[in-house]
Amino acid sequence: MLVSYVSGYCWTVEKQLRFTIPFLLIWLAPVRLCPVYVISKNAHSTPSSIFTSQDIENTETLFSEVNYEATVPFPNNTGIISSSNFVANEFSKFKCQFIFVGAVDEHVQISFQKFNLFLWKNLGDNISSIRCEEKDHVSTHVLVGSRMSKISDFCGSEMPPQLMSARNILTIEYFIKSANSREPKPDDDYGFTLEYRFLPDYSSLMPPEALRVPNRKCGLIFNGTIQTSGNLWSVNYPGFYPRDLDCEYVFNGRDSQIVLIHFEYFDVEGFGQCEESTHSDYILFSNYRTTDRTNRRYCGNQRPPKAIASESNYFRMIFLY
């Protein structure tokens, strides 16, 4: 979601999701053991103690500590992982799980740099009828509440979007299902490379002129006395926004100003009028510091056609997902 704001007697906000990641390389000598734990330098715990202290349900199959490989991030809590360092034999059925564990108040962010998984190209148009989970694929999950929840499955050669957890655990499972059904070729280069980051909060992903809303995990304040125009974006843009997060954006214009919100990009998971019964994510605006029930909710992938204006120099935007 992208928002911009301008000076004068109206304040515009365009929402834009972006950030950059420095390139770092971590050397892993092939071939390593699976599952693979990548633990934040701030966690100060073993995998089992972290899961026990957070009261996570059904961890027996997800977090076995038998024959696991521990990978240590660089000093700034980032690193790079290549699947080729963990796949012992690409021509046998294989599964490897990568488990990223941050400190309790951290978030995990994943950016794929290379993604090329085997597809049966000789099937022609029939390949579209085969579900991703039936091919070589990557399956991603995050911790939501006390349970692991699937983000999505990814296959083929299309680069997955940037991923981020709302809490401190994210898992990636790599499945090779094409074993014994294809002949190896010298130029085969299947697998993926990703960069991971453990982030203490969302501030590094947000506009520098914004102030943080006190006592909120995700909240920003934009003051007309500091800057009268600019951009803001949802957490982790242009990738998937994290699940189970409540973000608040407060705009304080000068006495003679109003606030205008204009969306350049809008894709929020939801249905219809975004009612509670549909469990939709949504955007809601308020002219008051309390809930404003006169304004409608916005969701789906059709951005609002017009700029949304405040009634006064105060405006509040809530992104609930």
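**Stop 1: a four-stranded sheet**

Begin with an open sheet of four strands, ordered S5-S12-S7-S10, in which the pairing is antiparallel. (Strands here are DSSP runs of E with at least two residues, helices are runs of H or I with at least four, and both are numbered from the N terminus; two strands pair if DSSP finds at least two bridges between them.) Its edge strands are S5 (78-82) and S10 (163-164), each pairing on one side only.

Before moving on, a word on what you're looking at. This is a predicted model, where local features need pLDDT of at least 70 and side-chain atom pairs count only at pLDDT 80 or more, while totals for chains, interfaces and linings use all residues. Residues are numbered from 1 along each chain as its sequence is written, and side-chain values use heavy atoms, with hydrogens and water left out.

Now select 107-116 and 191-199, which are strands S7 and S12. They run antiparallel, joined by nine bridges. Click Val-108 and look across: its bridge partner in S12 is Phe-198.

**Stop 2: a six-stranded sheet**

Next up is another open sheet, with six strands in the order S13-S14-S16-S21-S18-S19 and mixed pairing. S13 and S19 (297-298) stand at the edges with a single partner strand each, so one side of each has no neighbour in the sheet.

Arg-212 sits opposite Leu-220 in S14. The S13-S14 hairpin has six residues between its strands, and Asn-215 takes a positive phi near 65 degrees there.

Stay with S14 (219-223). How many of its five residues are buried? Five of the five are, where buried means under 20% relative accessible area, exposed means over 50%, and partly exposed is in between (1.4 Å probe, protein chains only). Both faces are covered: Gly-219, Ile-221 and Asn-223 are on one side, with Leu-220 and Phe-222 on the other.

S14's pairing with S16 is parallel, over five bridges. To find one of them, select Gly-219 and its partner Glu-248 in S16.

Now jump to the other end of the sheet. S18 and S19 pair in the antiparallel sense over two bridges, and Ile-283 stands opposite Tyr-298 in S19.

**Stop 3: the nonpolar cores**

Show side chains for Val-235, Tyr-249, Phe-251, Ile-261, Ile-283, Phe-285 and Met-317. These have the most contacts inside the largest nonpolar core, which has 36 residues. (A nonpolar core is a set of buried Ala, Val, Leu, Ile, Met, Phe, Trp, Tyr and Cys residues joined through side-chain atoms within 4.5 Å.) Elements giving two or more residues to this core include S16 (246-252), S18 (282-286) and S21 (314-320). Which one gives the largest share? That's S18, with four residues.

A second, separate core has 27 residues, among them Phe-86, Phe-100, Phe-112 and Ile-172. In soluble globular proteins, nonpolar side chains tend to be buried together.

**Stop 4: a pocket**

Select Tyr-282, Leu-284, Thr-291, Arg-297 and Ile-318. Of the 14 residues lining the second largest pocket, these lie nearest its centre. (On a 1 Å grid over the protein atoms alone, a pocket is an open set of points where a 1.4 Å probe fits, with protein on both sides within 12 Å along at least five of seven lines; lining residues have an atom within 4 Å of a point.) S21 gives the most to this lining, with three residues. By class, the lining has four nonpolar, two polar and eight charged residues.

**Stop 5**

Most residues other than glycine have a negative phi, and most peptide bonds are trans. So what joins Tyr-237 and Pro-238? A cis peptide bond, with omega at about 10 degrees. You'll find Pro-238 in the loop between S15 and S16.

Finish in the loop between S17 and S18. Cys-274 is there, with a positive phi of about 65 degrees although it is not a glycine. His-279 lies in that loop too, and its phi is positive at about 55 degrees. Buried or exposed? Cys-274 is buried, at 0% relative accessible area, whereas His-279 is exposed, at 72%.

Note on methods:
Ala, Val, Leu, Ile, Met, Phe, Trp, Tyr, Cys and Pro count as nonpolar, Asp, Glu, Lys and Arg as charged, and the others, Gly among them, as polar.
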